[in-house]
Amino acid sequence: MWAQRTLILAPRGRDAMIASRILKDANLECRVCGTLADLTEEIMHGADGAIVTEESIRNSVFRELTEWIAAQPAWSDFPFVILTEHGGGLERNPAAAELMRTLGNVTFLERPFHPTTLISLVDSGLRSRRRQYECKRLNEELELRVRDRTQELADANRQLLSQIEERERVESTLRQMQRLEAVGQLTSGVAHDFNNLLTVVLGNLRFIEKDLVAAGIDGKILQRLTYMRSAAERGAKLTDQLLTFSRRQRLQPKTLDLNAVLRDMHDLLQSTMGGSIQIATRFNAGLWPAMADPTQLELALLNLAINARDAMQVGGRLSVATKNVTLGSPLGPEDPPAGDYVEICVSDNGTGMPEEVRRKVFEPFFTTKEIGKGSGLGLSQVLGFAKQSNGGVRIDSTPDEGTTVRICLPRAEAEIELQGDGAIRTASTSPEAKSGNILLVDDDPAVRDVTALMLRDLGYHVCEVGSGEAALEYLAQENATDLVLMDFAMPGMNGAEVARHARSRWPGLPILFITGFADRSALAGIGSAEVVGKPFVRDELAEKVKSSLTRSRARHDRFPEGGFAVTDRETQHH
């Protein structure tokens, strides 16, 4: 509620007393001011109108009052009632026109005046003043609403921009993931074919070398064969890196102490880096156990070390550190999902790389090294290993300052597994396996032929078929089969489907899978002892076959009625 206070400035005569009495009788609050300065001060403190006699300001200097009037906000127009002398209207009083220009909202009342006229003018001015205050309030509310609405629009605009940026980031990540997935599918298919070829090459090279030695031929021919075998083995290593990138490699994860792994690798890393490069380590004392394949982890770290070595000048520095990290949502396709991880950070002070190069480093065969000095698969293998381990990789690099690669491996809940000399070994203590009947199933005639030669050379009787359907037909006949050795990826029925059908009819039948790559979900639950990876060598094949037959015969000795010969089960089945 506003004050509704009127000020009166009439220092001469009885005008002030009369005007004051009239206003009070009309229940209008008023205050008499003695001087123009008092009037000005009261107006500044708060009033709603003023009654001023003409003579009180005729020859006065009221610059302070006029400045206040001129500085009024847009909503304010302070009302004045000027009491003039008789005959002092505008038409005969030029000074009145000047007062109107100076004071603004002015009403002239000629004396003597009727009380009703004065009350009417003052009340009209007060109503005008109240409307001004109401306009002020409405204007402030409007400004507040406009400000709030502007803020809402700004917030909505920022949110929209954020959503657009997030959508663009997600789309970019999705495109990159689709691109990497497409490349991964391509490389896994190429790797599968290469593994078949390399199996044939390495297997036949071994037989040629054996025949030459038996014939007493040596020298340059055997040396050239050695070169051929080394080249084929390097091809097998590249194929293995391709499979790791495409996440088709079969990993054997274990619960690891990464600090211990890195300590054990220190000498190997130093020999890889050379004597001119210093290796600094910083291990987290309270490091969580991590879940990873130790062999693939060592290969990934060697790849990072080699890349760092090639990027540094003589006298460089390689830093290797471990720590526990808890990550939020991934920012890119290489990042791990949200969760707890153990991080291995490998940093160098080499040449670094610009952003446009950094975005391509995980692509297979991409390299900035000279021709012949790099396959372009090192970082691809690191990424494939980390992602297949349910982790991820982050890389930061600044030109002329260096590169930092962080491998994030998932935190393991189980206790650290016993490694090294404490690991359980069964191969050397296994009883010698006897000769047996092996059904070999492979759709590739060349692979099947060289595998059959290896098995026969080991003393086994081998029956060869080229498809899963043919294998089931053979097993259904009255033939004693001790072991099925079959390719996993075959047209028609693959190895997993054949195994399901065979084991549903002959539960004790031992089966070994040969695979260049395999769908990890299809191989879920199949132990590494039941898988022979292509390209394989004679000793590996011999050990896997012997171990499988030994385990199967041990079960047969313990449970004679559950024998594994197909003929026995067929008789029971019928």
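This is a predicted model: local features need pLDDT of at least 70, side-chain atom pairs count only at pLDDT 80 or more; totals for chains, interfaces and linings use all residues.
Biologist: OK, how many helices and strands?
Modeller: There are 16 helices and 17 strands. Those are DSSP runs numbered from the N terminus: H or I of at least four residues for helices, E of at least two for strands.

Biologist: And what percentage of the residues is buried?
Modeller: Of the 574 residues, 44% are buried. Buried is under 20% relative accessible area, exposed is over 50%, and partly exposed is in between, using a 1.4 Å probe and protein chains only.

Biologist: Which residues touch the most other members of the largest nonpolar core?
Modeller: Leu258, Leu297 and Leu318, in a core of 40 residues. By nonpolar core I mean buried Ala, Val, Leu, Ile, Met, Phe, Trp, Tyr and Cys residues joined through side-chain atoms within 4.5 Å. Elements that each supply at least two residues include α8 (258-273), β9 (317-327) and β10 (339-348). The top contributor is α9, with 7 residues.

Biologist: What's leucine 318 in contact with?
Modeller: Leaving aside neighbours within four places in sequence, its contacts include Met273, Ile277, Ala305, Met312 and Val346. Contact here is heavy atoms within 4.5 Å. There's also another core apart from that one, of 23 residues, among them Leu439, Val465, Met490 and Ile526.

Biologist: Switching to asparagine 259, is it buried or exposed?
Modeller: Asparagine 259 counts as buried, at 5% relative accessibility. It lies in helix α8.

Biologist: What does its side chain reach?
Modeller: The side chain of asparagine 259 reaches the backbone oxygen of asparagine 284 at 2.8 Å. Not counting residues up to four places away in sequence, asparagine 259 also touches Phe283, Leu287 and Thr322.

Biologist: Now the open sheet, what's the strand order?
Modeller: It goes β2-β1-β3-β4-β5, 5 strands with parallel pairing. Two strands pair if DSSP finds at least two bridges between them.

Biologist: Why is one side of β2 and of β5 left without a neighbour in the sheet?
Modeller: β2 (29-33) and β5 (105-110) stand at the edges with a single partner strand each, so one side of each has no neighbour in the sheet.

Biologist: How is β4 paired with β5?
Modeller: Strand β4 (residues 79-84) pairs with β5 in the parallel sense over 6 bridges. Leucine 83 has leucine 109 of β5 as a bridge partner, and valine 81 has threonine 107. With β3, the parallel pairing of β4 runs over 4 bridges, including threonine 53 to leucine 83.

Biologist: How many residues of β4 are buried?
Modeller: 6 of its 6.

Biologist: Which helix lies across β4?
Modeller: Helix α2 (residues 36-45), which also lies across β1 (5-9), β2 and β3 (49-53) and runs at about 165 degrees to β1. Axes are lines fitted to C-alpha atoms, for helices over the stretch in contact, with angles from 0 to 180 degrees between N-to-C directions.

Conventions
Residues are numbered from 1 along each chain as its sequence is written. Side-chain values use heavy atoms; hydrogens and water are left out. A polar contact is a pair of N or O atoms within 3.5 Å; within protein, one must be able to donate a hydrogen and the other to accept it, and residues adjacent in sequence count only if both atoms are side-chain atoms.
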